[in-house]
Structure formats: structure tokens, C-alpha cells
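Please look over the sequence and the model shown here before reading on. The report is meant for a reader who is meeting this structure for the first time.

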Amino acid sequence: MRNVTDKTKYFPYPQWGYISDPATFLDVHGRVLVWYLPGIMPLARVECLNEIHLPLKDSLVKCSKAGGQSQRRFGHRHVPEEDGNEKFGHGRFMNSPATFQQAHNVIPHVLWEHFWRLIDPQRLEDKVYESSSLKKQVVRQWLKDISYAEEFWNTIADIVLPDLAQVGRDAISAKADWVITQPPCPIRWPSIYLGIDVIVNQETPPHLDQASAPSLLNLVPGTMVFLAGKLLTHSVPKWEKGERIALAHYMKDAVHNRFGLARPAFTQQKHLLGKFLQT
């Protein structure tokens, strides 16, 4: 089955329709693959967070122009239907206090199996760096401005994915011993996730997150979705009105491995039920 490109031939996508209530998705062993918590942040708060991203507009556009083929691999620009004008710009860039020099590999899943044979995975002797974006004052200020929201999202992860949250905190603590920093001074990283991609007005094709691990669930806080991105195909299809800002939070398995941290266990439904019933 590993060599079958289109696995939907044997495992068709379920047709659940539109889900508007909080939900979890489990595998047959009761392991949590998705947490969906819509509405946990009031709309007014989301709008305030959106405004914080306005100073990043120029950085996003420059990134899109310079990204070339690499940028298009992650999708393409979405133009608002109303008048074609974008208040927040378009594009994406990666922010991380601990990353390898290679980019975060997110390849359309139908191409990944062939692409992987052509590249070398990170080695344990490879050096770990801060992403170059953290040198920009506008990005450093943006991280400070969203830190209060990141603390809120960290707290939610502590509750719904406790093992993952602990591994994330351990990675943040360990990075000081491994990361090569450059002026200005290292910034206080506000998230338990070592990677935050700012994605503005971009459609993305169906893909899997190959730099992750099965039990390292990603977070997209706008819709409050924790997702096993290495196991579940996901995308951002074309939408109609309005602009869309996504802060894709993720952990890199290779970086955790470099720090000597084991992968967290999957959160299981029975553990959560026992925890909540006790309280």
C-alpha cells in the first residue's frame, strides 16, 4: 500500500459535511488526530489579532516575489472578489527560533514520495539556527504583540494535548544550548511550537507535512484546529469574500530529535475522559 499514489481508491474520504460544533476525530485505537474548537476566541478578538498583522504586509509581498518556484509549491495568491484590493497583502514567511537551514518541507502528497528520494534528511550533526526573519524589527515587534494570544493557545494545548505541550516546552528550554544566534539578541519565543508560518491570502493544495511526526499535531488558531498534519491531507481551497490570515503552528521532528527529545505519545480519548471526570 505504501507505493499506491492515490490511496483514496481504497480509503475514500468520508463525507461529513460542514461541522460547526466543537469536535474531536479519533482513529480506531481512540487516539486523537484532530481537535476542532470553533468560536473559542470571540470575533472581536480575532479582528484585533488580524490588525496586528498589518505591519507585516511589505515583508509578505517581498517574500512572495522572491520565493519563485518554492513559494508556488505552497499554493498561490487568492485575490478577494470584492475589488481585488488586499488590505493585508499576500504571501507567507516562516518564523522559528530553532530550524535547520533547509526549508520546512511541505510537498503535495502525490509528489512527495518521488521528491523524498532526491533530498537528504537533516543529520544529527547539522547546526540549528534562528530563522532570518527574526532579525527584522517588524517581525520581532509582531511576536511581542501576539504573545498574549500565544499564551492562551499554549494553555489550551496544555489541556487537550498535554504530552505534546510538554515536549514543546522542553524544546523551547533546550534550544538555548543548541541554536546559533546572530544579532540582535535572541527574542523571547511565545509559543510551544518551534515554527509559525504567517500565511496571508494564499490557497494551498492538498498536502501532508513531511517534516512533522504522526503525534506532533499542528495548530491553526484562527479556526482553532489541532491537526495531525503528517497523517491527514489538508488544504486551503478557494474561498469567496474576505481576506484570510492563517498562523500555521508546527513542530519539526528533526529539530526535536537534534535536541534529544522523544516524540510525544498520542493523546487518547480515555485519558481525556478520565482527566475531565476527575475534575
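The sections below cover the basis of the model, a pair of helices and some salt bridges.

## Basis of the model

This is a predicted model, in which local features need pLDDT of at least 70 and side-chain atom pairs count only at pLDDT 80 or more, while totals for chains, interfaces and linings use all residues. Residues are numbered from 1 along each chain as its sequence is written, and side-chain values use heavy atoms, with hydrogens and water left out.

## Helices α5 and α6

Helix α5 (residues 147-160) packs against helix α6 (residues 162-174) at an angle of about 130°, and their axes are 5 Å apart. Helices here are DSSP runs of H or I with at least four residues, and strands are runs of E with at least two, numbered from the N terminus.

A salt bridge is a side-chain nitrogen of Lys or Arg within 4 Å of a carboxyl oxygen of Asp or Glu. Asp158 is partly exposed at 27% relative accessibility, and Arg169 is partly exposed at 32%; buried means under 20% relative accessible area, exposed over 50%, and partly exposed in between, with a 1.4 Å probe and protein chains only.

## Other salt bridges

The structure holds six salt bridges. One of them joins Asp197 to Arg92, with the closest N and O atoms 2.7 Å apart, and this pair links strand β8 (residues 195-200) with strand β4 (residues 91-95) across 105 residues. Asp197 is buried at 4%, and Arg92 is buried at 9%.

Key. Axes fitted to C-alpha atoms, helices over the stretch in contact; angles between N-to-C directions.
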